[in-house]
Amino acid sequence: MSDTIYAAATAPGRAAVAVIRVSGPKAGEAVRAIGGRAPRPRQAVVRTLRDGEGAVLDQALVLFFRGPASYTGEDSAEFHVHGGPAVVAGVLQALAAQGLRLAEPGEFTRRAFENGKLDLAQAEGVADLIEAETTAQRRQALDQLGGRLSQAQARWREALIEALSVFEAAVDFPDEEIPEDVAARARPILTELIGEIEAAAGAAERGERVREGYRIALVGKPNAGKSTLLNALARREAAIVTATPGTTRDIIEVPLVLGGYKVIVADTAGLRDTADEIEAEGVRRARAWAAGADLRIWLVDGTDPDPGPAPPEVGGDDLILATKRDLGESASVGTPFTTRSPNDLAWLEQTLTERVVEALGGAEPPAATRLRHQALLLEAADRLRRAAGPEPEPELAAEDVRLAARALDRITGRIHPEDVLDRVFSSFCIGK
């Protein structure tokens, strides 16, 4: 934290403008060293940037932020330069020559966290916003950055403090005139909290799927039309299509956007018994991917009079589609479908969109959006169930309430093992 760090905040490559950020105690000194007189805080000015030998690097827009009124909470600066690679490299070299250190991934946001500008859940919202590819991901990330989970955690924490005071009164003043059922007064508080926390934990799985993508597996025998369907959905030649059975050996994943949500559609190896070692591994991977998918589409060759039973991975809520109906009589399996009919493809896309929106949609984004949040919420709920049990010992109940509060505190980083912080911030890009 005593170092002054710098990094490009925009992606590498040619662009109209590139932004270079500086943060730390020497930020103002760095501005003066390469840009002359520092601007007034929060006022953008045009400066000629020069290296240590006086050579002109660029004419840039320069901003200076006096801590704690900055993103990181410490003195910071930004150089908005022309986006040519040579310009960016020259400014970065000039900053390095001033003794500044290149920032590590996520170090600017980590400093914001360490300086109390963001809590850990909000910092994760920053990372999600940077990675957002869909409307739903953007909306969820902004909700997280706005502090929705943090506000819920603060409300739960206040209720826990109230319940804890009841238990501790029974423990600390056993000889005073305190009603014998004083500990029972905490039970309604805990019961309501358990319901709220478990609901948030259940919604976290939905939040994780919004972030990572709804997974759809295409499964079936070799040459059932899986690769053709994948290409049709992707609107490009994502998978090789041939008449040779077993062409697809590995998982081919294609990202789509349906109803504003990210969807991953996977073409998988044809399911059959085979002595070929490579194809057998492909079948194993296909079954594993399908088992973990949110939805499976079982494709059946419509010209096959005996399509056989559905694979065990396919359940009652999955889709069964008959393909190649234009090549012969269609087998009677599920909803008829042909990968070669534009009308049927439109129907399938609409059906998939409805499934995705039903699974991931809602009136508002979930408060918890990561499996890390879910694990801590479930830990807190489990502790509270023990504390709210029939006739609990006040001492043990108080300890369970304290442990539940600690679990909730780890969500927002009030209590943070260093390895958790390292894992969270290492996923950021350099410059953020």
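This is a predicted model: local features need pLDDT of at least 70, side-chain atom pairs count only at pLDDT 80 or more; totals for chains, interfaces and linings use all residues.
Reader: Where is Asn223 placed?
Author: Asn223 sits in the loop between β7 (214-220) and α8 (226-234).

Reader: What about the phi of Asn223?
Author: Phi of Asn223 is near 65°, which is a positive value, and Asn223 is not a glycine.

Reader: Why point that out?
Author: Because most residues other than glycine have a negative phi.

Reader: OK. And what is the phi of Arg235?
Author: Arg235 is not a glycine, yet its phi is positive, at about 60°. Arg235 belongs to the loop between α8 and β8 (252-258).

Reader: Buried or exposed, that Arg235?
Author: Arg235 is exposed: its relative accessible area is 57%, and the cut-off for exposed is over 50%.

Reader: New topic. Which residues does a cis peptide bond join?
Author: Gly67 and Pro68 are joined by a cis peptide bond, with omega about 5°. Most peptide bonds are trans.

Reader: Where does Pro68 lie?
Author: Pro68 is in the loop between β4 (56-65) and β5 (76-82).

Reader: Now the helices. How do α5 and α7 pack?
Author: Helix α5 (residues 135-145) packs against α7 at an angle of about 125°, and their axes are 9 Å apart. The crossing of α5 past α7 is left-handed.

Reader: Which residues make the contact?
Author: From α5 they are Ala136, Gln137 and Gln140, and from α7 they are Gly207, Val210 and Arg211.

Reader: How many of those are nonpolar, polar and charged?
Author: The contact of α5 with α7 has two nonpolar, three polar and one charged residues.

Reader: You listed Arg211. What does its side chain join in a polar contact?
Author: The side chain of Glu208, by a polar contact of 2.9 Å. Glu208 is found in helix α7 (residues 187-212).

Reader: Is Glu208 buried or exposed?
Author: Glu208 counts as buried, because its relative accessibility is 16% and buried means under 20%.

Reader: What does Glu208 touch, leaving out residues up to four places away in sequence?
Author: Glu208 touches Gly213, Thr369, Arg370 and Leu371.

Note on methods: Residues are numbered from 1 along each chain as its sequence is written. Side-chain values use heavy atoms; hydrogens and water are left out. Helices (H or I, at least four residues) and strands (E, at least two) are DSSP runs, numbered from the N terminus. Buried means under 20% relative accessible area, exposed over 50%, partly exposed in between (1.4 Å probe, protein chains only). A polar contact is a pair of N or O atoms within 3.5 Å; within protein, one must be able to donate a hydrogen and the other to accept it, and residues adjacent in sequence count only if both atoms are side-chain atoms. Contact means heavy atoms within 4.5 Å. Axes are lines fitted to C-alpha atoms, for helices over the stretch in contact, and angles run from 0 to 180 degrees between N-to-C directions. A crossing is left-handed if the near helix is turned anticlockwise from the far one by less than a right angle, and right-handed if clockwise. Ala, Val, Leu, Ile, Met, Phe, Trp, Tyr, Cys and Pro count as nonpolar, Asp, Glu, Lys and Arg as charged, and the others, Gly among them, as polar.
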